[in-house]
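Student: Could we go through this structure together, a piece at a time?

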Amino acid sequence: MNMILKASALALAPMTAIALASTPAVAQSKTGIAVVDVQRAVAQSSAYTTARSQIQTTYKAQIDNFNARKNAIDTDLRSKGTALETAMKAAGNKPTPAIQTQYEAYQKAGQAGQAELQRLGQPIALANAYVEEQISAKLSDALKAAMSKAKVDLILAPDATVSYQPGVDVTQQVVTELNALVPSVGITPPAGWQPGGARGQAPVPAAAAPATPSQQPTSR
């Protein structure tokens with residue numbers, strides 16, 4: 001009986017060795033994975049929070065003017081939208097030349113309001129974008145440093161995961177690295193500067209978009 005067991009063990013041994021040798025290398029290694037909320041890391045950095053405070057002070061007049069005009073434009077558009085919907089209901093939701101004219105005036109008012117807010121908000125938006133771009137330029141180095149210290153090989157965004165334990169979130173470590181790499185930034189962009197080097201229009205604070213009536217009149 002012992003002879004049979006020994007023979008069986010010897011026969012199985014080569015097969016086991018072959019199976020282990022054929023196992024993919026990735027299955028034999030453990031990859032360290034961490035989660036980082038990049039936007040939160042930038043927003044919580046010392047340079048960003050300080051710069052935002054400076055922008056609120058330096059551009060206070062522009063910010064106040066922008067908010068005042070936005071509120072006025074929003075109020076005017078709501079009034080025009082309500083009047084348009086009332087007229088449409090009174091006409092049984094049937095388009096008429098008068099309603100079409102009223103609708104076109106409403107649309108033009110919304111477009112003019114957006115254009116005005118874009119112009120008023122551009123200096124503020126450029127300052128914000130300039131701050132973010134200076135910090136983002138050091139983000140890759142901050143991520144690499146945080147990964148090295150946390151001994152991880154792969155970084156995922158929170159929305160790329162289904163679930164994770166708080167311990168794998170190294171966002172705060174990235175904030176720490178950003179604070180060391182870029183302790184402060186300027187808030188006044190150079191003349192002609194645009195985000196990413198682009199020459200198009202800069203992003204602006206949320207402008208007032210016209211509220212679309214429940215039904216758009218169409219001419220027959």
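Tutor: What follows is a short talk about helix packing, an aromatic pair and some backbone angles. This is a predicted model, in which local features need pLDDT of at least 70, side-chain atom pairs count only at pLDDT 80 or more, and totals for chains, interfaces and linings use all residues. Residues are numbered from 1 along each chain as its sequence is written, and side-chain values use heavy atoms, with hydrogens and water left out.

Student: At what angle do the axes of α4 and α5 cross?

Tutor: The axes of helix α4 (residues 60-90) and helix α5 (residues 97-136) cross at roughly 170° and come within 10 Å. That makes α4 roughly antiparallel to α5, a label given to angles over 145 degrees.

Student: And which classes of residue make up the contact of α4 with α5?

Tutor: That contact has 15 nonpolar, 7 polar and 5 charged residues.

Student: New topic: how many aromatic pairs does the structure hold?

Tutor: The structure holds 1 aromatic pair, where pairing requires ring centres within 6.5 Å. Tyrosine 130 and tryptophan 193 form this pair, with 5.2 Å centre to centre and 70° between the planes, and the arrangement is edge-to-face (planes over 60 degrees apart).

Student: Where do tyrosine 130 and tryptophan 193 lie?

Tutor: Tyrosine 130 lies in helix α5 and tryptophan 193 in the segment after α7 (171-181), so the pair ties together parts that are 63 residues apart in sequence. Tyrosine 130 is buried, with a relative accessible area of 17%, and tryptophan 193 is buried as well, at 16% relative accessibility; buried means under 20%, exposed over 50% and partly exposed in between, with a 1.4 Å probe and protein chains only.

Student: Which residues of α3 are buried?

Tutor: The buried residues of α3 are Ala47, Tyr48, Ala51 and Ile55. They cover an arc of only 90° around the axis, which puts them on the same side of α3, the arc being that of the directions from the helix axis to the C-beta atoms.

Student: What about lysine 151, buried or exposed?

Tutor: Lysine 151 counts as exposed, at 69% relative accessibility. Lysine 151 is placed in the loop between α6 (139-150) and β2 (154-156), and its phi is positive, near 55°.

Definitions and conventions:
Axes fitted to C-alpha atoms, helices over the stretch in contact; angles between N-to-C directions. Helix = DSSP H or I, 4+ residues; strand = E, 2+ residues; numbered from the N terminus. Parallel < 35°, antiparallel > 145°, perpendicular 65-115°, else oblique. Nonpolar A, V, L, I, M, F, W, Y, C, P; charged D, E, K, R; others polar. Phe/Tyr/Trp six-rings, centres within 6.5 Å; stacked < 30°, edge-to-face > 60°.
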